[in-house]
Amino acid sequence: MEKWKQTLAQSIVKPADLEKRLGVDATSIQDVVKEFPMRITPMWMKLIKKKGDPFWRQVIPIPEELADEANDDPLHEDVDSPVPHLVHRYPDRVLFMVTNQCPIYCRFCTRKRLVGKSGFLKKGEIDRAIKYIREHAEIRDVILSGGDPLLLPDRLLERILQLLRNIPHLELIRIGTRVPGSLPERVTPALCEVLRKYHPLFMNLHFNHPDELTPEVHNACAMLANAGIPLGSQTVILKGDTAATETMKRLMHGLLKARIRPYYLYQADTTRGANHFRTPVECGMNITQ
């Protein structure tokens, strides 16, 4: 088994194990985890220093998630899905959700209804999505998402990239991932060799706090950048965590030092189970002033 898979297998996924490690009452979150799965990688466990800190809040389930009655699909992705796992909302681009697995399950995720629920796409599902893209010449841009595409084995990820690159009208491929900042072991020389074959290829990462940029994360991002992949980053504005202007400033400066271009601030959607993270729009406006 590859090292990164061994590391991922050591993640905390059961309430009882979380109770042993951090003292969280397992009985209070059992029903939450059944509805919205939990996964915390060894790296992320090291980031957590105390109850309620920015890293704790991003990954530790709380009972309030089940009390939230907001929409499961606030972006209406299911409505805009012409074939399973593909969202076609804007004329020239599609979102291709290639897996429901993530290295960590963010408690504020827009796709809480999907993540952690099943594995990778089957061959027939991939072929159906590729066929749709091939038959719609207006599509010039594909965003691989999920879940996290970098949790796919190298061979499966390359198969998808190869199929996409064989579509004449497709110009750009983007990958959305939180792997470098939560499972940096996954970024290997073999993975980078796969990715460098399919330029122009862009990658959008996800960082919410400057202390996520550990030496291991810097190394993983350097490997991707050295493979010729332009790196951007999204940041979700989280109540009580990244809402502080000084914290956000440190993060943006840190991202640039890690060769990552800050791409956008994300105002959290009204997603069921995640609304306790939402901030007023004015919060983001104040940060950008």
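This is a predicted model: local features need pLDDT of at least 70, side-chain atom pairs count only at pLDDT 80 or more; totals for chains, interfaces and linings use all residues.
Residues are numbered from 1 along each chain as its sequence is written, and side-chain values use heavy atoms, with hydrogens and water left out.

K239 sits in the loop between β6 and α12 (245-257), where helices (H or I, at least four residues) and strands (E, at least two) are DSSP runs numbered from the N terminus. Leaving aside neighbours within four places in sequence, K239 is in contact with R57, H276, F277, R278 and T279, and contact here means heavy atoms within 4.5 Å. The C-alpha atom of K239 is separated by 30 Å from that of V187, and these two residues are 52 residues apart along the chain.

Is Q101, my second residue, buried or exposed? Q101 counts as buried, because its relative accessibility is 16%, and its place is in the loop between β2 and α7 (123-135). Not counting residues up to four places away in sequence, Q101 touches R39, G116, S118, G119, F120, G147, D148 and L151.

Now to the chain as a whole, which has 13 helices and 7 strands. Its radius of gyration is 19 Å, close to the 19 Å that the globule rule gives for 289 residues, so the chain is as compact as a globular protein of that length; the radius is taken over C-alpha atoms, and the rule is 2.2 Å times the number of residues to the power 0.38. Of the 289 residues, 53% count as buried, and among contacts between residues at least 6 apart in sequence, 77% join residues at least 24 apart.

Let us turn to the empty space. Rolling a probe the size of a water molecule over the atoms shows where such space is left. On a 1 Å grid over the protein atoms alone, a cavity is a set of points where a 1.4 Å probe fits but cannot get out, a pocket is an open set with protein on both sides within 12 Å along at least five of seven lines, and lining residues have an atom within 4 Å of a point. Grid points are joined across faces, edges and corners, and a volume is the space filled by probe spheres set on the points.

The largest pocket has a volume of about 1200 Å³, and of the 43 residues that line it, the closest to its centre are L95, R111, S145, Q234 and Y264. Which strand gives the most to this lining? It is β5, with 5 residues.

The second largest pocket holds about 280 Å³ of space, and of its 14 lining residues M43, K46, P184, E185 and E216 are the closest to the centre. The helices α1 (3-9), α4 (42-47) and α11 (215-226) each supply at least two residues of that lining.

Finally, there is 1 cavity of 30 Å³ or more. The largest cavity has a volume of about 50 Å³, and its lining is made up of F36, P37, Y105, C106, R107, C109, K112 and V115.

Note on methods. Buried means under 20% relative accessible area, exposed over 50%, partly exposed in between (1.4 Å probe, protein chains only).
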